[in-house]
Each structure stands twice: as C-alpha cells, then as structure tokens.
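Subject: Structure handover

Hello,

Please find the structure below, with the sequence alongside. My notes on what was found in it follow.

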Amino acid sequence: MAALRSHDVTITGRTAAAREQSVLAKDGAVLSLMLFLACGAVALLVSAGAMLVAAFVGGRQRAMEAASLRAVGVPRRFVRRGLLVENLAGVAVAIVGGAVAAAVAARVVIPVLPLFDEPSQFVAVSAAPDVGVGGWTVLVVAIVLSALAAAVAAGQLRGGTVDRIREGTR
C-alpha cells in the first residue's frame with residue numbers, strides 16, 4: 001500500500017475479481033457477442049435441417065434415378081459418386097456462403113460494437129476477427145455437414161432398388 005501511495009495511487013476499496021467478472025459477463029456488449037455466437041449455432045442447425053428437408057423431399061426422385069441408372073448398367077460406384085458429389089456441392093456452396101457472410105458480419109459488426117462506456121487507456125481492444133478460430137470453425141462445420149451429405153447420399157443409394165422403378169414417381 002505504501003508503494004502505491006508513493007506513486008499517487010489512491011485505494012478506495014477492495015472488490016473480488018470473481019464479482020467483477022460476473023458483472024462484466026452481464027454487460028450488454030458481452031451478451032451481444034454471445035448472441036452473435038448463438039446466431040451462428042442456429043445457422044448451422046438451419047443448414048443441416050435444410051439439407052435433411054431437401055433430401056426428404058427429393059429422396060424418392062433420387063432413389064428412382066439411382067435405380068434407373070443401375071438398371072441400365074451404370075456401375076454402383078459411379079452412381080454413389082454422383083450422389084455424393086451432388087450432395088457435397090450443396091454443402092460447399094453453404095460453407096463458402098456462410099464463411100463469407102460470417103466474415104463480413106464480423107468485419108462490420110464487431111468494430112462498431114461499443115465494448116466500454118468510455119474508451120480505456122489500459123485495455124487494448126482488437127476488433128479484428130481471429131482467423132485461426134474462424135478457420136477451425138469452418139473446418140468443423142464442413143466436416144459435420146459433409147458427413148451428413150455422405151449419409152444422405154448413402155440413403156439415396158440404398159433406396160434405389162428395382163422396386164422403386166416399378167412404382168414410379170407417384
């Protein structure tokens with residue numbers, strides 16, 4: 001205390017660090033950043049749901065097409081590859097579009113988001129997005145959606161039996 005007073009630092013009281021962290025965690029800026037992350041999670045769920053809905057709606061048609069191709073002699077591996085490429089193309093478009101949208105949002109939103117009531121001389125605030133975290137996030141999302149696309153393609157291939165041709169596309 002004496003050393004602080006010798007440098008003209010006045011101590012007005014004591015507060016536990018945990019209490020101050022809980023106060024900061026309830027701050028509007030922190031909550032808005034948490035909402036930003038929650039929106040990203042919801043976007044992932046929506047994209048997975050959209051892929052499943054598209055697979056369900058077009059599944060009957062794809063299964064008939066796969067069965068027709070198999071009936072005229074196209075090898076199973078080519079049909080499987082075609083279904084996989086078709087499903088992965090949609091995933092690639094979603095990943096690229098999502099990554100671009102996230103980068104633009106981070107560049108536009110974070111710099112204008114007020115993190116403090118008054119500018120701080122002691123806390124350096126960087127508005128630059130962490131490219132490493134963003135890259136890993138895009139990679140994980142791409143792996144999850146690609147696995148889902150592969151499962152959808154496998155289901156479409158399994159459904160492509162001769163019986164599917166007989167029943168038509170009713």
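In which helix is Gln-156 found? Gln-156 is found in helix 5. Before going further, please note that this is a predicted model.

Leaving aside neighbours within four places in sequence, Gln-156 is in contact with Arg-62, Ala-63, Ala-66, Leu-83 and Asn-87.

Helix 3 and helix 5. Helix 3 covers residues 28-71, and helix 5 covers 131-158. The two pack with their axes 9 Å apart, at an angle of about 20 degrees. That angle makes helix 3 roughly parallel to helix 5. Their crossing is right-handed. By class, the residues of the contact of helix 3 with helix 5 are twelve nonpolar, two polar and one charged.

Helix 4 and helix 5. The axes of these two come within 9 Å and cross at roughly 150 degrees. Helix 4 is therefore roughly antiparallel to helix 5. Helix 4 passes helix 5 in a right-handed crossing. The contact of helix 4 with helix 5 divides into 16 nonpolar, three polar and two charged residues.

Helix 3 and helix 4. Helix 4 runs over residues 76-112, and its axis comes within 11 Å of the axis of helix 3, crossing at roughly 160 degrees. Helix 3 and helix 4 are therefore roughly antiparallel to each other. This crossing, too, is right-handed. Helix 3 contributes Phe-36, Met-51, Arg-62, Ala-66, Leu-69 and Arg-70 to the contact. From helix 4 come Arg-76, Val-79, Leu-83, Glu-86, Val-91, Ala-105 and Ala-106. By class, the contact of helix 3 with helix 4 has nine nonpolar, no polar and four charged residues.

Now the nonpolar cores. Which residues make up the largest nonpolar core? There are seven: Ala-48, Met-51, Val-91, Ile-95, Ala-142, Leu-145 and Ala-149. Helix 3, helix 4 and helix 5 each supply at least two residues of this core. Helix 5 gives the largest share, three residues.

Leu-139 has its place in helix 5. Is Leu-139 buried, partly exposed or exposed? Leu-139 is partly exposed, because its relative accessible area is 41%, and partly exposed covers the range between under 20% (buried) and over 50% (exposed). Leu-139 and Ile-95 are 44 residues apart in sequence, and their C-alpha atoms are 9.1 Å apart in space.

Gly-82 lies in helix 4. With a relative accessibility of 38%, Gly-82 counts as partly exposed. Gly-82 and Asp-27 are 55 residues apart along the chain, and their C-alpha atoms are separated by 51 Å.

Asp-8 is found in the loop between helix 1 (2-6) and helix 2 (17-25). Phi of Asp-8 is near 60 degrees, which is a positive value in a residue other than glycine. At 72% relative accessibility, Asp-8 counts as exposed.

Regards

Technical notes: Residues are numbered from 1 along each chain as its sequence is written. This is a predicted model: local features need pLDDT of at least 70, side-chain atom pairs count only at pLDDT 80 or more; totals for chains, interfaces and linings use all residues. Side-chain values use heavy atoms; hydrogens and water are left out. Axes are lines fitted to C-alpha atoms, for helices over the stretch in contact, and angles run from 0 to 180 degrees between N-to-C directions. Helices (H or I, at least four residues) and strands (E, at least two) are DSSP runs, numbered from the N terminus. Angles under 35 degrees count as roughly parallel, over 145 as roughly antiparallel, 65 to 115 as roughly perpendicular and the rest as oblique. A crossing is left-handed if the near helix is turned anticlockwise from the far one by less than a right angle, and right-handed if clockwise. Contact means heavy atoms within 4.5 Å. Ala, Val, Leu, Ile, Met, Phe, Trp, Tyr, Cys and Pro count as nonpolar, Asp, Glu, Lys and Arg as charged, and the others, Gly among them, as polar. A nonpolar core is a set of buried Ala, Val, Leu, Ile, Met, Phe, Trp, Tyr and Cys residues joined through side-chain atoms within 4.5 Å. Buried means under 20% relative accessible area, exposed over 50%, partly exposed in between (1.4 Å probe, protein chains only).
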